[in-house]
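Please open the model in your viewer and keep the selection panel at hand.

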Amino acid sequence: MPIYMDFHDLPEGVTAAHVAEMHQADLQIEHKYNCRGLTYWCDERRQTAFCLIEAPNEQAIKELHEKSHGAVPQRIIEVNDTLVESFLGRIEDPEKSQNTKLNIINDSAFRTLMVINIKKRVLRTKNIETLNAAIRGYNKSIINIINNHNGRVVKQELNSFLMSFTSVTNAVESAIKIQELYNCVITPDLEFNIGISAGIPVTKNESIFEDTIKEANYLCYAINGKILLSPEVKDLYESENQNNPINIIGVKSLTVVEMEFVNNLLDFTNNVWKDSNTSALDFNKYLGLSKSKLYRTMISIIGKSPNSFLKEYRLNKALELLEKQTSNISETAYQTGFSSPTYFSKCFYEAYGVLPSKYRR
């Protein structure tokens, strides 16, 4: 049977003990609805609760909750149990910490997520294997740093990481260690970007932590070489550190307005980058900014002009296709929004120092 996670926005005054009683009430009659309650997370401070339930469908969960305690969830999504454990650390109730009738769990599902993207700057054919070897060694060091800061690796690929932390401070401090390692060890032919965001696992979207993952990924498109924090992460870090303003070299936090701009920019880019007719003027129209205002904002937050940003975005997508070797050069050019294979090859060579045909071989 599928596994679901639901979200309950708790009324004022509801405590972890109340939620534990509701969980037990579910367990007593779950068999009538062909359900199996696995565990739950409760956050008294944020007044939220999340249940993990094996069930035939969403309706069975609603009927179970309605009959057992009357608290119908605001949202239900289907999840993968391995992914849930990677993000949250468990998929079943923890052992009782006290000798009490109820196993009261006051354990927040709120997590800080960190995304690391490693990009190759120069792709001279003679140094590709050297770069890949450097990345593999770097990845081992990243995992050690994450483990030492009580983080969890949710997803790892050769050029990227997704990590989960219960503590914002641990996330930021591990990012700083990774940045220091990069500055000391890694070849200048590589660049890295780190984005840190925070949020809850179930929102209006279909996938677990979808909003938070997207925001952390989007932050990686801001100025290179910086650790970029969402506004919420900045506030939480300062709250965890006696309200001292965050003032760390290499760490930059975006304001709410800047974060909104980045979200709008990347949402639009994700929808149009394949269309070769898309230009910087389309960004002006969609974002509602004049040409000069958009240019200044892009340079300030992203570090690139609109045209440079769009071209680099397309080249990164092209690089992914070439590394998978699923398309030829012409197909790659058109699939990534370039007007012709010739123009694509020209841009690729200017960016990476090698023709795409040679890199693909």
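## Stop one: the sheet

Strand 5 and strand 7 run antiparallel and are joined by 6 bridges. Strands here are DSSP runs of E with at least two residues, and helices are DSSP runs of H or I with at least four residues, both numbered from the N terminus. Before you zoom in, note that this is a predicted model, in which local features need pLDDT of at least 70 and side-chain atom pairs count only at pLDDT 80 or more, while totals for chains, interfaces and linings use all residues. Residues are numbered from 1 along each chain as its sequence is written, and side-chain values use heavy atoms, with hydrogens and water left out.

Next, show strand 8 (residues 190–199), which runs antiparallel to strand 5 and is joined to it by 10 bridges. Ile118 has Phe192 of strand 8 as its bridge partner.

Select strand 9 (residues 227–229), which runs parallel to strand 10 and is joined to it by 3 bridges. Here, Ile227 stands opposite Val251 of strand 10.

## Stop two: the two faces of strand 5

Is strand 5 enclosed or open to the outside? It is largely enclosed by the rest of the structure, because 10 of its 10 residues are buried. Buried means under 20% relative accessible area, exposed over 50%, and partly exposed in between, with a 1.4 Å probe and protein chains only. Colour Arg111, Leu113, Val115, Asn117 and Lys119, which point one way, and then Thr112, Met114, Ile116, Ile118 and Lys120, which point the other way.

## Stop three: the largest pocket

Select Asn117, Glu157, Ser160, Asn217 and Glu320: of the 27 residues that line the largest pocket, these are the closest to its centre. The pocket holds about 950 Å³ of space. A pocket is an open set of points on a 1 Å grid over the protein atoms alone, where a 1.4 Å probe fits, with protein on both sides within 12 Å along at least five of seven lines; lining residues have an atom within 4 Å of a point. Volume is the space filled by probe spheres set on the points, which are joined across faces, edges and corners.

Which element gives the most to this lining? Helix 11 does, with 7 residues.

## Stop four: the second largest pocket

This pocket holds about 240 Å³ of space. Of its 13 lining residues, Glu312, Leu315, Asn316, Ala351 and Tyr352 are the closest to its centre. Strand 5, helix 11 and helix 13 (341–352) each give two or more residues to the lining.

## Last stop: the cysteines

The structure holds 0 disulfides, a disulfide being a pair of cysteine sulfur atoms within 2.5 Å. Select Cys51: the nearest cysteine sulfur, that of Cys42, is 9.6 Å away. Cys51 counts as buried at 11% relative accessibility, and Cys347 counts as buried at 2%.

Terms used:
Pairing = 2+ DSSP bridges.
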